[in-house]
Amino acid sequence: MKKIEAIIQTEKLDAVTNALKNIGVGGYTVLSTKGRGSGERPTIRGGRGTVSYVSEYSKGNSVTTIVNDNQVDAVVSAISNAAFTGKSGDGIVFVKDVEDVLNIASKQRGLDAL
Ligand SMILES: Nc1ncnc2c1ncn2[C@@H]1O[C@H](COP(=O)(O)OP(=O)(O)O)[C@@H](O)[C@H]1O
Ligand SMILES: [Mg+2]
């Protein structure tokens, strides 16, 4: 099993979660994030254009799902297609190994718990 975590722009959240539902993942978790990538920081203007500053962080959402190994490529493509604009700040996807999963109510383990 693998844990796939995507950090995406908030405007892309519905597109990404719809893509995950279409693939038939067992579930996913959405969190609010703030962070920064290696790219240039966006400049924010205020005071009718009289002041501008560079924001420390960008707000976003993370979407995490645990899937069977044979779903990884499909899930990563679906997320990256749904979140894509082609501009800096589109986000990032991490894939990690998962040793075990327990569904608390059913007590099922591993793939059966997803
Ligand atoms: N190496 C990283 N480790 C953890 N989170 C990251 C990393 N790179 C990017 N992120 C997260 O993804 C968001 C979008 O980053 P990214 O699209 O890579 O922006 P940039 O184009 O500026 O590099 C960041 O605000 C941050 O939350
Ligand atoms: Mg980056």
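**Around helix α2**

In α2, the buried residues (20 or more other C-beta atoms, placed from the backbone, within 10 Å of their own) are Val75, Ala78, Ile79, Ala82 and Ala83. They sit on the same side of α2 because they cover an arc of only 115° around the axis, taking the directions from the helix axis to the C-beta atoms. Helices (H or I, at least four residues) and strands (E, at least two) are DSSP runs numbered from the N terminus.

This is a predicted model, where local features need pLDDT of at least 70 and side-chain atom pairs count only at pLDDT 80 or more, while totals for chains, interfaces and linings use all residues. Residues are numbered from 1 along each chain as its sequence is written, with chains lettered from A and ligands numbered from 1 in the order in which they are written.

Now look at ligand 1. It has 14 residues around it, and Ile7, Gly35, Gly37, Gly39 and Ser88 come nearest (C-beta atom, placed from the backbone, within 6 Å). β2 (29–35), β5 and β6 each give two or more residues to this shell.

Last stop: Lys107, in the segment after β6. Its phi is near 65°, a positive value in a residue other than glycine. Most residues other than glycine have a negative phi. Lys107 is exposed, with 9 other C-beta atoms within 10 Å.

Notes. A residue is buried if 20 or more other C-beta atoms lie within 10 Å of its own, exposed if 12 or fewer, and partly exposed in between; C-beta atoms are placed from the backbone.
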